[in-house]
Amino acid sequence: MFAAVDNSYRRAYHKTLIQANHMVDIIMDRDFCEGGSSVRLMKPKKPDDYVIIIGCGRLGANLANTLSENDKSVLVVDKDKSSFRKLAPSFGGMQLEGDGTDLSVLYDAQITNASAVIAVTNYDNTNIMAAQIAKEIFHIDTVIARLYDQDCECVYQEFGIDTICPAVLSSKEIDKLLKDTGGLGRAAI
Amino acid sequence: MKRRVVLIGGFNKTRTLAVSLIKKGYKVTAINSDMDKCAELAKVNELDVFNGDGSKPFILEDANVYNANIAIALTDRDDDNLVICELCKKKFKVKKTVALITDQRKTEFFYRMGIDDVVCAITTLASVIEQHAIMDEMSTLIAVGGSQLKIAQVRIGSAAPAVNKKIWELNLPNEVIIGFISRGDKNIVPRGETRIMSGDILILISTSRHENQAIKQLTGNVGATASVDMPLNILEREMAGQVKT
């Protein structure tokens, strides 16, 4: 049953892939060519746009919805099927049930074609491992991990993984609001 | 100064390992996130126990992991074990890190992340079980000297031809010796007069050519490795010819 589901995802993905390549063949970008003597192929659309999101929590689902609205091809991985209900009805991307740190799941997700991998499960260590796998095994250029706690920075800093810490972001934002509203006379944090 | 070992996570494994390492003279520290398990672990003599999440740097700092000789991550989660080992290695300069993993396919990834030793519990366990289940009659323990000499463990079933025979009656090849007999709680060094009983476990030392022949004489079954080493056979014939001429 699970394999059947997997295959349907794969088929769906291949379909978009074929369509994308087809478009590349037809659409040619003349703006780049001076003199009009030669035509240049547009850069394939797909590799820039395929984003894998690991973890379909509130952040993951929100991000998936936004990216999907912006016509990116998105794949969301979560080991719990029920968490996909957070995706909007208009979500046009793909869903894959499985562990985002499992290599076979990542192969199923066609991670080698991804331009970005975003690890946003609710567990820091899972995000660190998923990000390191994406970076070190699959050499994905853009890897972003959400981490609640930045204590383990020394573990991932050398790998070029971008991290987002909600607490740091929130405090910066609050600080900004305080300054804007004049809540702090001389805010100097 | 005593060599220091830190065990992070795990419970039964940690306890067994701690007892064994302490006996060997190591100074052992255990870190566990479960308070009840910590209380249980603290009953082990000379074991220092810390309560907390081992993937948090401040817990490792409390447990004085800095410059320890070995850190072993034994939690159930691969991601935790990875982060623990990386922290120990990079932040706390532990000399050797060992991680237990459940997913064997990640072994290489773990090595690439700088972990010194990766143990996959499931594969290790499965291979041991397989050895016990399939090689019931015979299991080769050690192959010595370019695998020409073999030490094997042979179990004598009740229907085996060797049962109730004295060893001199067996007519074993000269290249084979029964080194030891394990019978229930007793360990017997065999003599020619020793009688083989059903249920005995024999430690057989033999050349690889005569191993299967000996096992057949003892148990009635052909051993699991029934292949004859052809080049050796030829060599043997040649040598026999040389002796004659």
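## Helices against the sheet

Axes are lines fitted to C-alpha atoms, for helices over the stretch in contact, and the angles between N-to-C directions run from 0 to 180 degrees. On that basis, in this predicted model, helix H4 of chain B runs at about 175° to strand E5 of chain B (96-101), and H4(B) lies across E5(B) together with E1 and strand E4 (70-73) of chain B. Helix H1 of chain B, which spans residues 12-23, lies across E1 and E2 of chain B and runs at about 165° to E2(B).

## The sheet of chain B

The strands of chain B that these helices cross, E1 and E2 as well as E4 and E5, belong to an open sheet of six strands, ordered E3-E2-E1-E4-E5-E6, in which the pairing is parallel. Strand E3 (48-51) and strand E6 (117-120) of chain B are its edge strands, each pairing on one side only. Direction ignored, neighbouring strands of this sheet are turned against each other by 15° on average.

Within the sheet, strand E1 (residues 4-8) and strand E2 (residues 27-32) of chain B run parallel and are joined by five bridges; B:Arg4, for example, has B:Lys27 in E2(B) as its bridge partner.

## The side of chain B that touches chain A

Between the two chains, 17 residues of chain B are in contact with 15 residues of chain A. Helix H4 (78-90) and helix H5 (107-112) of chain B each supply at least two residues of the side of chain B that touches chain A, and the largest share, eight residues, comes from H4(B). By residue class, this side of chain B divides into ten charged, six nonpolar and one polar.

Definitions and conventions: Residues are numbered from 1 along each chain as its sequence is written. Chains are lettered from A and ligands numbered from 1 in the order in which they are written. This is a predicted model: local features need pLDDT of at least 70, side-chain atom pairs count only at pLDDT 80 or more; totals for chains, interfaces and linings use all residues. Two residues are in contact if their C-beta atoms, placed from the backbone, lie within 7 Å. Helices (H or I, at least four residues) and strands (E, at least two) are DSSP runs, numbered from the N terminus. Ala, Val, Leu, Ile, Met, Phe, Trp, Tyr, Cys and Pro count as nonpolar, Asp, Glu, Lys and Arg as charged, and the others, Gly among them, as polar. Two strands pair if DSSP finds at least two bridges between them.
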